[in-house]
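This note is for a colleague who has not seen the structure before. Please keep the sequence and the model open while reading the numbered points.

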Amino acid sequence: INYNKSVAILFEGRDAAGKGATIRRFIERLMPKRVRVEELGVPSDNQNKNWLTTYKKLLPKTGELVFYDRSWYSRALIQPVMNYCSENQYKFFMKNVNKWEDELESEGIILIKFYLSVSQKSQTLRFKLRESSPLKYWKLSDSDKRMVNKWDVFTLYKNQMFDVTARASSPWVVINANNKMIARLSALRYILNTLDYKHKKILE
C-alpha cells in the first residue's frame with residue numbers, strides 16, 4: 001500500500017451483521033503502527049452536539065489505515081432509530097455529510113464505505129446463538145434486544161441513507177453478509193482491487 005495515502009474504511013450494517021469480526025480478520029496480518037480501529041458506541045452529549053467534528057479527530061493520518069466499526073453514519077442509522085440523536089441533528093447530518101466527505105477526499109483521504117447486509121432470519125439466528133453461547137453471550141447487548149422490534153424502522157433509515165449518500169464519487173458497497181466467510185472475502189477483494197500497492201493483481 002502507498003504509505004503516503006490515508007485510507008478510511010467504514011463498516012455499517014445492522015447488529016450482528018459481522019462488522020467487528022470482519023475488521024478483526026483484516027487487521028490480524030497488518031502492521032500495527034499503521035492501522036487503527038475506531039468504535040465510538042453510544043455518543044456522549046458533547047459528541048452528539050459536535051458529531052462530524054468528533055470524527056474529524058478520528059480520521060486517518062498520512063500513511064494510516066483506519067477501520068470504523070460503525071462510523072459517522074451512525075447518525076443516519078442507529079441513532080435516529082434508537083433516539084440517540086434529535087430529528088434536527090439527523091437532518092443536519094444528512095444535509096451536510098456529502099459535502100464533508102468531498103472535503104475529506106479533496107484532502108487526499110481514500111474513503112471506502114461498506115454496508116454488510118443480513119436478512120432478518122440471519123440476524124435472529126445470530127442473536128439466539130449469542131444468547132446460548134458461553135463464549136458469546138456478552139455480545140448480546142440491551143441495544144440488540146431493543147433493535148429486534150425495529151427492523152422496519154431501520155430499513156427506512158437505511159434506504160434514506162442510500163438515497164442521499166450513495167454517489168459515484170463515494171459509493172456504498174453493499175455486501176450480502178448472511179454467509180460471514182463470503183462477506184469477509186468480498187470486502188477484502190474489493191479493498192485489494194481499489195487500493196494501489198506493489199505487485200498488484202486484480203482479483204475476480
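1. Read from the N terminus, the protein chain has the element order β-α-β-α-α-β-α-α-β-α-α-α-β-α. That gives nine helices and five strands. Helices (H or I, at least four residues) and strands (E, at least two) are DSSP runs, numbered from the N terminus.

2. The model is predicted: local features need pLDDT of at least 70, side-chain atom pairs count only at pLDDT 80 or more, and totals for chains, interfaces and linings use all residues. Residues are numbered from 1 along each chain as its sequence is written, and side-chain values use heavy atoms, with hydrogens and water left out.

3. On overall size, the C-alpha trace of the protein chain spans about 45 × 40 × 30 Å along its principal axes. The radius of gyration is 17 Å, which agrees with the value near 17 Å for a compact globule of 204 residues. This radius is taken over C-alpha atoms, and the globule rule is 2.2 Å times the number of residues to the power 0.38.

4. Of the 204 residues, 47% count as buried. Buried means under 20% relative accessible area, exposed over 50%, and partly exposed in between (1.4 Å probe, protein chains only). Among contacts with a separation of 6 or more, 75% are between residues 24 or more positions apart; contact means heavy atoms within 4.5 Å.

5. Which residues of helix H1 (residues 19-27) are buried? They are Lys19, Gly20, Ala21, Thr22, Ile23 and Phe26. Their cover includes strand E1 (6-13), strand E2 (35-38), strand E3 (65-69), strand E4 (109-117) and helix H9 (180-194).

6. Arg70 and Asp15 should be read together. Arg70 is in the loop between E3 and helix H4 (78-82), while Asp15 is in the loop between E1 and H1. Their side chains are joined by a polar contact of 2.5 Å. A polar contact is a pair of N or O atoms within 3.5 Å; within protein, one must be able to donate a hydrogen and the other to accept it, and residues adjacent in sequence count only if both atoms are side-chain atoms. Asp15 counts as buried because its relative accessible area is 8%. Arg70 is also buried, at 13% relative accessibility.

7. The backbone deserves a check at two places. Arg70 is not a glycine, yet has a positive phi of about 70°. Asn83, in the loop between H4 and helix H5 (87-106), has a positive phi of about 60° and is not a glycine either. Is Asn83 buried or exposed? Asn83 has 63% relative accessibility, so it counts as exposed.

8. Arg75 is another residue of the loop between E3 and H4. With a relative accessible area of 3%, Arg75 is buried. Not counting residues up to four places away in sequence, Arg75 touches Asn48, Trp51, Pro80, Cys85, Gln89, Tyr90 and Phe93. Gly108 is 33 residues from Arg75 along the chain, and their C-alpha atoms are separated by 24 Å.

9. Val118 lies in the loop between E4 and helix H6 (120-132) and counts as buried, at 7% relative accessibility. Neighbours within four places aside, the contacts of Val118 are Arg14, Ala16, Ala17, Gln123, Arg126, Trp151, Ala177 and Asn178.
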